[in-house]
Amino acid sequence: MQPEAASGPKPGQPGFAQGRICQGPPIATIDIGSNSVRLVVYEGLTRAPTAIFNEKVLCGLGRGVMTTRRLDPAAVAKAHAALVRFRALCDTMGVRQLYVMATAAARDAEDGEEFIARASAICRAEIDILSGKREARLSAYGVISGFHMPDGIVGDMGGGSLELIEVHGHRAGAGMTTPLGGLALQDTSGQSIRKAAKIAHDKLSKADPLKNLKDRTFYAVGGTWRSLAKLHMMQLGYPLHIMHGYAVPAREMLDFCKLIMRVDNTTLIGKETVSAGRLPLLAYGATVMSEIIKVGKPRDVVISALGVREGLLYSLLDEETKKLDPLIAAASELNILRSRSPQHGEELVRWGDRFMASTHIDETSDEKRLRHAACLVADIGWRAHPDYRGEQSLNVIANAAFVGVDHRGRVYMAVANFFRHAGLNDDELSPRIREIATTRILDRARILGGLMRVGYILSASMPGVLPRAPLYVSHGKLQLDMPRDLEGLAGERLATRMKALGRLIGRDAVIRIVDPAETTVAAE
């Protein structure tokens, strides 16, 4: 999809944002949910869209709708006030395309049409009242957009409903909706957790998508479940505070849900990290989650920060763009924004491919894509003080707004870049990061860090050198072929780093000065 020509200041003009990718004007979504109304403005329509503004207001539109069939007047006033501000923000930010969606509360309430008519006038945009099945499909697209080849069942729990749908790779199955949103369940159960559990069991025991969940992943979408996962992080003292991709074994999540259902939420560790509007709904979210686990028997529960909004953007992409790897797309953009030479990062990817293939070190397809992404962001810390480049690169990468990567993948990318700057000794590596890493991750990250250290000292981060100086294993030795016109780049520091990398893979290192024709043959 070709982005619309960007409006606003051009390079060299006052107000031009050098730190943004030029991919057209911002695009925005407003999600009028049963519990919250949220505006998200994205940098542009891409495979890995970056939010440049995000604001929500907890309005509680769905509170009481299941029994009264009408929207609460105070909630309506609060939602309309939020929309007035959101429309003004869109105008201020130069948004050309605004997509507004409404879900369960608006479609179920008798006065929903009246509310939507007023909301549409405020937003100056048509409002798409999503059916339950369409909401499920967009939630599935959000997970497909945010995970690399997902496989399992998506559950999107809002205030008024719960949508369930199967995902496998780039495909979404047939979705269904149930009235098991947090506010709806609180309403129909008379605020009784015991009754809520029975209602949830009765509905979910008949849910067709859960019949295909056994030993697969359950992808949890929605603010209540994100709050539940945040509390779980706090209870464990988990080192990464990144919600997207946070994975919990199903048995552990079931035990935690039982705890949430049993105790007074004011006693919970980390309760201050959950908004006051979400806190009363946690027990209902835990109730539904526990029933899903008992009925569906998933292997694990994984939190998705992407849902209906991102699913809508994904649906707008052309088929070719949809097939792009979101992690590689995001890493490529960061490479463009932060590196001294984006081309060098791309050359490092190919240079590393030749090296890894020659070593015969086993590497899965997922590890290969992680290595590629790590190479693309290997130079983003160059503006920091040399003593802190490793630490800063680690923190930026570990906490970046990447999708298409799990937490262990983040650690691999971050630690490799820590080693690239700080050296291959891990004495200064954060012990908290080690808690997430495995022995294999640390080993591969150290090898990649060693490879980067050779590549950057050889090329000074400039393009055109690495393609002419292949690094590979041949006849039992780690060999770097340098053409004679680049001989001046050889030196003691390069030799030292070559030896360090050689020790990591059990090979003696040698630097050969060769004729240009020889390096061409070696690189093929």
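This is a predicted model: local features need pLDDT of at least 70, side-chain atom pairs count only at pLDDT 80 or more; totals for chains, interfaces and linings use all residues.
Let me begin with helix 15, residues 365-376, whose 12 residues should span 16 Å at 1.5 Å a residue, and whose end C-alpha atoms are 17 Å apart, which agrees; the expected span here is 1.5 Å times one less than the number of residues, and helices (H or I, at least four residues) and strands (E, at least two) are DSSP runs numbered from the N terminus. Residues are numbered from 1 along each chain as its sequence is written, and side-chain values use heavy atoms, with hydrogens and water left out.

Nine of the 12 residues of helix 15 are buried, so the helix is largely enclosed by the rest of the structure; buried means under 20% relative accessible area, exposed over 50%, and partly exposed in between, with a 1.4 Å probe and protein chains only. The buried residues are E367, R369, L370, R371, H372, A373, A374, C375 and L376, and they pack against helix 13 (326-338), helix 14 (342-359), helix 17 (407-422) and helix 19 (439-459), where contact means heavy atoms within 4.5 Å.

Now to the loops. In the one between helix 14 and helix 15 we find H360, a residue other than glycine whose phi is positive, near 60°, and which is exposed, with a relative accessible area of 71%.

H475, in turn, sits in the loop between strand 13 (471-474) and strand 14 (477-483); its phi is near 50°, again a positive value in a residue other than glycine, and at 81% relative accessibility H475 counts as exposed.
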